[in-house]
Amino acid sequence: MSDIAITFAIIGGMVVLFVSNRVPVAVVALCAALLLFATGILDLPEALAGFGDTTILFIASLFVVSASLDASGVTAWVGQVLVRQAGASRARLLLLTMLLAAFLTAMIGSSGAAAALLPVLVLVAVRLRQPPAQLMMPLAFASYSGSMLVLTGSLVNVLISDAAVEQGMPAFGFFEMSLVGVTLLLGHMAIVLLFGAKLLPNRATRGMPEDLSRHSGKLSEQYGLFEDLYQLEVGAGSPFLGTPRAALELRLEGRNHPGLSLIAIRGPDREGVTRHRPIAAGDLLIMRGEAAVVQAFSRENGLVERASGRPQLNEALFNHSTGFMEVVLPPRSGLIGETVFPGMITPSGDLVILGIQRRGERLGPGAVALAAGDTLLLQGSWEALEEQAGDPNVLVVTAPSTLRGQAIPLGAGSRRAIAILLLMVGLLASGAVPSVVAALVAACAVILLGVLKTERAYRAINWNILIMIASLIPLSTAMYKTGAAGLIAESLVAVVGEASPYALLAGLFLLTAGLGQLISSTATALIVIPVAIASAGAMAVSPRTALVTVAVGAAASFLTPIASSASLMVQGPGGYRFGDYWRLGLPLLGWSFLVAVFLVPFLWPFGRAA
């Protein structure tokens, strides 16, 4: 069996396993690389060369930057703007959604854009009484167009830029493919607005993702937080001035004020006060207790009662600096049997127990011995909540980072996250430093400046994608080394014959788009790129023209949901079936074909690049 036949057999088996979805794609790709080594087609350094490629570092850094925007509430703020601007118009909502999805994709990738906008669209669909199926698919499809707006909008763009450099051509500029992306996006938006209502299903849906924008209010009502809760302002003559919160807590533990507990302290700037920061004039003490006890406590200590309506109290407890975390005690938890009460400070000194429930019934205000299955509502700084979320003695119902990202728009670190993003985009656009350096600088900056914690940064990286890409890079080497790429290129040239270079571009697009309906666009590009370069060389066409055609074809995964994470993400909330995608996808694919075959050679002429 020849090396070419073995290479084709490995590719065929890999595609079958990708489509079957029975084995993780990263494992399939890694096994393909190992098989190339085991069969002697590649030596060990060649088979593992992808893991040392700068592309891997670049992609990992983009995951971290994307997570910083989500964690700091930038994406939540963008979603709120969308809701305000769309109003009750379906056409305006679709237009704004697709524009926003394309813009976010250019910044953080299609998966990040879909993840950020999906909860917003679910909420809007409920408010406008629109079937989610009419909104979700256009979101995913617009992200594919948006991936062509800038170089970093898609991993495929980065790969074809690297391929161009390997062929002795200049790397693609940051905005070099923007005109193609804009043309794709305008055409796709027109098709969706004109024909989307008929081509998209109207059925009801299941599995809607949870909307956390009002989660704090629901928790407050469930645990009765607003009952006997008061805001007391510290006056200029208060004996508490200059004393830390810990001292006040000790004083409240005495028997002079039964049933009175300190829940939180907020400074004049509405930020939470740390446990050891001295209390100052103007600070607001959030207290719980009976009205008579609170009034007596206020008179004795120079405190003035302020407005204590639900909006004010909710904002006092749930804001940019402090929030909630609901936890459940699992069986065999080390906290079972511990005695606690509402208003108690946890042993770490960073969190307050706001409420306790057992089988849906609120417990307290007195001391309670904890049992398995009890739920506790904890309040404190977001940093303390995230740190305590890893406690093995509790199960977190909703991760604080997720709740904060959705419910607190433009939260802590948002300005730094935006500034770092703009810095990265500026470096990439100017070409002042290599792309991988610009992305690494941005990733390090979001951690060093406190926008994202190291642990969250590690979790943000999609290791499956990185392993898959690193494992498939050697496949491209094997196609060159064995002559498989040249064979496919010769076959493609033989099919198009002497027709014209346009026929070559049409063949490349159909080959790329066809594979792209079954496997990921990244895997498709890694397979087709060597074919495109070899085919272009055989017909004396600029490899640059062929590479851009491959990028357009890779961004046309419209017919099935299995090749793109964005399409998979909207499938559940939209209630889509496998066969729903091709109805709207076919006309979108047709427009992409026209752009690839006729616009691309106009912008990148067929003549060989210098």
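Q: What makes aspartate 374 and arginine 358 a salt bridge?
A: The term needs a side-chain nitrogen of Lys or Arg within 4 Å of a carboxyl oxygen of Asp or Glu. Here the N to O distance is 2.8 Å, so the pair qualifies. This is a predicted model, where local features need pLDDT of at least 70, side-chain atom pairs count only at pLDDT 80 or more, and totals for chains, interfaces and linings use all residues. Side-chain values use heavy atoms, with hydrogens and water left out, and residues are numbered from 1 along each chain as its sequence is written.

Q: Why is aspartate 374 called buried?
A: Its relative accessible area is 1%, and buried means under 20% (exposed is over 50%, partly exposed in between; 1.4 Å probe, protein chains only). So aspartate 374 is buried.

Q: What makes arginine 544 buried?
A: Arginine 544 has 9% relative accessibility, so it counts as buried. Glutamate 176, at 29%, is partly exposed.

Q: Why is aspartate 580 called buried?
A: Because its relative accessibility is 4%, under the buried cut-off. Aspartate 580 forms a salt bridge with arginine 583.
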